[in-house]
Amino acid sequence: MSDWPRVRLHVVTGKGGTGKTTVAAALALALATGGRRVLLCEAEGRQGIARLFELDPLPYEERLIAVAPGSGEVTALAIDPEGALLDYLEMYYHLGRAGRLLDRFGVVDFATTIAPGLRDVLLTGKVYEAFRRRGADGYHTYDAIVLDAPPTGRIARFLNVNAEVAGLARVGPIRTQSDGIMQVLRSRGTAVHLVTLLEDMPVQETADAIRELSAADLPIGGVVVNRTHSSPLDATTRKAVAEGTLAPADLVPALSAAGVDEPSPAAVATGLLTEAAEHVERLDLEERLHEQVEDLDRPVYRLPTLTDGVDLGALYDLAELLCEQLA
Ligand SMILES: Nc1ncnc2c1ncn2[C@@H]1O[C@H](COP(=O)(O)OP(=O)(O)OP(=O)(O)O)[C@@H](O)[C@H]1O
Ligand SMILES: [Mg+2]
């Protein structure tokens, strides 16, 4: 992707419900386009990726879930903290069977729910492992990794948790691991993208998150403005609606000619003008907020509102739109 040539880890955050999972999935498909191998990770264990790709819930295991144009591959991984803890115990303490024994005694559950910080250490640790992994050919297993990350309110803390750990452990394998993770997360190999809607709260949270991320030295990527609207009104009509110079009587001839006359052409015209006024007000608000987004001084990408929702076909369409804008 020519906008982010050096980035291999794309972290996608945003206010809840703005489209993080949708955008992360579309970005993974876009990055895979042309034959690349992309890992799409989910950190929250909510099976959003499976739902989006119309699959059964994903196990804690990397699984090929989609192909992209040009023989690209998207592999998915729903990271669960318990699985990640067992991986960790195995990797650093070779606690294969003993680890599973701990699991049986409920220790793993205890450790991952009682200490939310530990949970984030494990999740980011797993992403780090996949980021660094190389195949027998010496090449990275994945050309890029996309992380469907926690929302804006928690993102800086989530990505920074290993800096806190590094502060606790002065030496040893934990220190080495947490230093390694922070090095990757703060490098030019990482970009944290923010998804927003053109609404007050999401735009405000985007601005706040950018401030927090830069304070924590984390690299900020682009802003994806999701669910934009286009207008069927031309500039002249829009102005007339905004200024209230259009009267119901102006619409009546056209409505009558089109046969739209229930209960009466005048009543339909009045209803339409009310809707048009709301629509224009909304467009004005979106334009104002779009300017605020531009002022954040990051690359901005736009994805339209899909009126029929996001099914698998629509996801590919969004990916193509991202591809065009990233090129
Ligand atoms: N461009 C779009 N057009 C239409 N619907 C969309 C679009 N993007 C997302 N949606 C819909 O909005 C809803 C929320 O999207 P999504 O689940 O991706 O958000 P999220 O930020 O991951 O939410 P959460 O915070 O719950 O994880 C979903 O129903 C999704 O299908
Ligand atoms: Mg989600």
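Lysine 15 forms a salt bridge with glutamate 205, and the closest N and O atoms are 3.9 Å apart. A salt bridge is defined here as a side-chain nitrogen of Lys or Arg within 4 Å of a carboxyl oxygen of Asp or Glu. Lysine 15 belongs to the loop between β1 (9-14) and α1 (20-32), whereas glutamate 205 belongs to helix α9 (residues 200-215), so the pair ties together parts that are 190 residues apart in sequence. Glutamate 205 is likewise partly exposed, at 22% relative accessibility. Helices (H or I, at least four residues) and strands (E, at least two) are DSSP runs, numbered from the N terminus.

The model is a predicted one, in which local features need pLDDT of at least 70 and side-chain atom pairs count only at pLDDT 80 or more, while totals for chains, interfaces and linings use all residues. Residues are numbered from 1 along each chain as its sequence is written, chains are lettered from A and ligands numbered from 1 in the order in which they are written, and side-chain values use heavy atoms, with hydrogens and water left out.

The structure holds 14 salt bridges. One of them joins the side chains of arginine 37 and aspartate 143, with an N to O distance of 3.7 Å. Arginine 37 is part of strand β2 (residues 37-42) and aspartate 143 of the loop between α6 (116-132) and β5 (144-148), so this pair ties together parts that are 106 residues apart in sequence. Arginine 37 is partly exposed, with a relative accessible area of 32%, and aspartate 143 is partly exposed at 25%. Lysine 239 and glutamate 243 also meet in a salt bridge through their side chains (3.7 Å, N to O). These two residues are four residues apart in helix α10 (residues 235-243) and are therefore separated by about one helical turn. Lysine 239 is exposed, with a relative accessible area of 52%, whereas glutamate 243, at 49%, is partly exposed.

Lys and Arg count as positive and Asp and Glu as negative, with His and the chain ends not counted; the place of a charge is taken as NZ of Lys, CZ of Arg, CG of Asp or CD of Glu. A patch of negative charge on the surface gathers Glu54, Asp308, Asp311, Asp317, Glu320 and Glu324. Patches of this kind are made of residues with over 30% relative accessible area and no salt bridge, like charges being joined within 9 Å. Aspartate 311 occupies the loop between β8 (300-304) and α13 (312-326) and is partly exposed, with a relative accessible area of 41%.

The chain contains 13 helices and eight strands. Its C-alpha atoms fill a box of roughly 80 × 40 × 40 Å, taken along the principal axes. Of the 327 residues, 44% count as buried. The chain exposes about 16,400 Å², of which carbon and sulfur atoms supply 54%; accessible areas come from the Shrake-Rupley method with a 1.4 Å probe. Among contacts with a separation of 6 or more, 71% are accounted for by residues 24 or more positions apart, contact meaning heavy atoms within 4.5 Å.

Several individual positions complete the description. Asparagine 160, in helix α7 (residues 152-168), counts as buried at 19% relative accessibility. Apart from its neighbours within four places in sequence, asparagine 160 is in contact with Met182, Arg186 and Ala216. A positive phi value in a residue other than glycine occurs at glutamine 47, near 60°, in the loop between β2 and α2 (48-52). Aspartate 217 also has a positive phi, near 65°; aspartate 217 is placed in the loop between α9 and β7 (220-228) and counts as exposed at 54% relative accessibility. Threonine 270, in helix α12 (residues 265-294), is partly exposed, with a relative accessible area of 41%. The C-alpha atoms of threonine 270 and threonine 124 are separated by 56 Å, the two residues being 146 residues apart along the chain.

Note on methods: Patch = residues over 30% accessible without salt bridge, like charges linked within 9 Å, V, L, I, M, F, W, Y side chains within 5 Å. Buried < 20%, exposed > 50% of the residue type's maximum accessible area, 1.4 Å probe, protein only.
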